Amino acid sequence: MKKLVIVFALLLSILLLLSACGKDEAKEDKKDNNKTAEKADEQDLLAKVKDDGKLLIGTEGTYAPFTFHDESGNLTGFDVEIATEVAKRLGVDPEFKETQWDAIFAGLDAKRFDMIANQVGIRPDRQEKYDFSDPYIKSAAVLITHKDNDKIKAFEDIKGLNAAQSLTSNYGDMAKKYGANLVGVEGFTQSVELLASKRVDVTINDRISYLDYTKQRPDAPIKVVATSEEASASGLMFRKDSDTLVTEVNKALSAMIEDGTYTKISEKWFGEDVLK
């Protein structure tokens, strides 16, 4: 009798062990299947966009001239027109989802939109987590002076001069590196005001900001005397593994450049092609 009890106990233990193993394997299979499904969802993002008939686009809507609201309250801007044209060439409608800059990456992560169009700089730290399109805008630091100033011709010439700069910006650091005395300002407009009244000698700023300002105010008494050799590039941004969608977006951007559509949009907003 005791032997039967022992045998029965052993059999029960074996059955319980096998059951536990089976459950663990089922859990692992379920995890693997979920991962596979998630990856398939990302890889088929283009198919989803096509099926839905719309491209969800994250943007700020408060960042002129790239993405902002005009006097009639309509969303407009350089990035808005570029993204709209991309969607059109994909054969779908653009649907813009406005959000603050601080939340825009989290919104992409949460799949609130398929891509971001907001002059996002292409940087190594971002490329580790996200995919980017080919650059659709390039900009470099420029040295700006008053139109009457003919003495300053290069960045090296600003040593000991007064430069209107945002004190925490990369451009402020650049001016300091070249030996300028920094005069703190809140933004580009204030820098130009100080230049116009000749209370400072120079400002180092973004070329795109200069083009936008002079497009709106062609009589501004300022000029660019030097341009940095290093240019930063911006791209449309996507979640990782959005390869199929990124490929089609790049094809659309390339076609826009080749047929002159890109240049037309760029000249409308900045007066010249900002990808050259």
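This is a predicted model: local features need pLDDT of at least 70, side-chain atom pairs count only at pLDDT 80 or more; totals for chains, interfaces and linings use all residues.
**View A. Packing of helix H3 against helix H9.** Helix H3 (residues 78-90) and helix H9 (residues 243-258) pack with their axes 9 Å apart, at an angle of about 110 degrees. H3 is therefore roughly perpendicular to H9, since angles of 65 to 115 degrees fall in that class. On the H3 side, the contact comprises Ile-82, Glu-85, Val-86, Arg-89 and Leu-90. These residues meet Leu-245, Glu-248, Val-249, Ala-252, Leu-253, Ala-255 and Met-256 of H9. By class, the residues of the contact of H3 with H9 are nine nonpolar and three charged, with no polar residues.

**View B. The largest pocket and its lining.** The largest pocket holds about 920 Å³ of space. Its lining consists of 34 residues; Ala-141, Asn-170, Tyr-171, Asp-206 and Ser-232 lie nearest the centre. Elements giving two or more residues to this lining include strand S5 (115-121), strand S7 (137-146), helix H6 (170-177) and strand S10 (202-206). Strand S11 gives the most, with six residues. The lining of the largest pocket divides into 13 nonpolar, 15 polar and six charged residues.

**View C. The second largest pocket and its lining.** The volume of the second largest pocket is about 280 Å³. Of the 16 residues that line this pocket, Ala-64, Pro-65, Asp-212, Tyr-213 and Gln-216 lie nearest its centre. At least two lining residues come from each of H7, helix H8 (207-216) and helix H10 (261-270). H8 gives the most to the lining of the second largest pocket, with five residues. Nine nonpolar, three polar and four charged residues make up this lining.

Methods. Residues are numbered from 1 along each chain as its sequence is written. Side-chain values use heavy atoms; hydrogens and water are left out. Axes are lines fitted to C-alpha atoms, for helices over the stretch in contact, and angles run from 0 to 180 degrees between N-to-C directions. Helices (H or I, at least four residues) and strands (E, at least two) are DSSP runs, numbered from the N terminus. Angles under 35 degrees count as roughly parallel, over 145 as roughly antiparallel, 65 to 115 as roughly perpendicular and the rest as oblique. Contact means heavy atoms within 4.5 Å. Ala, Val, Leu, Ile, Met, Phe, Trp, Tyr, Cys and Pro count as nonpolar, Asp, Glu, Lys and Arg as charged, and the others, Gly among them, as polar. On a 1 Å grid over the protein atoms alone, a cavity is a set of points where a 1.4 Å probe fits but cannot get out, and a pocket is an open set with protein on both sides within 12 Å along at least five of seven lines; lining residues have an atom within 4 Å of a point. Grid points are joined across faces, edges and corners, and a volume is the space filled by probe spheres set on the points.
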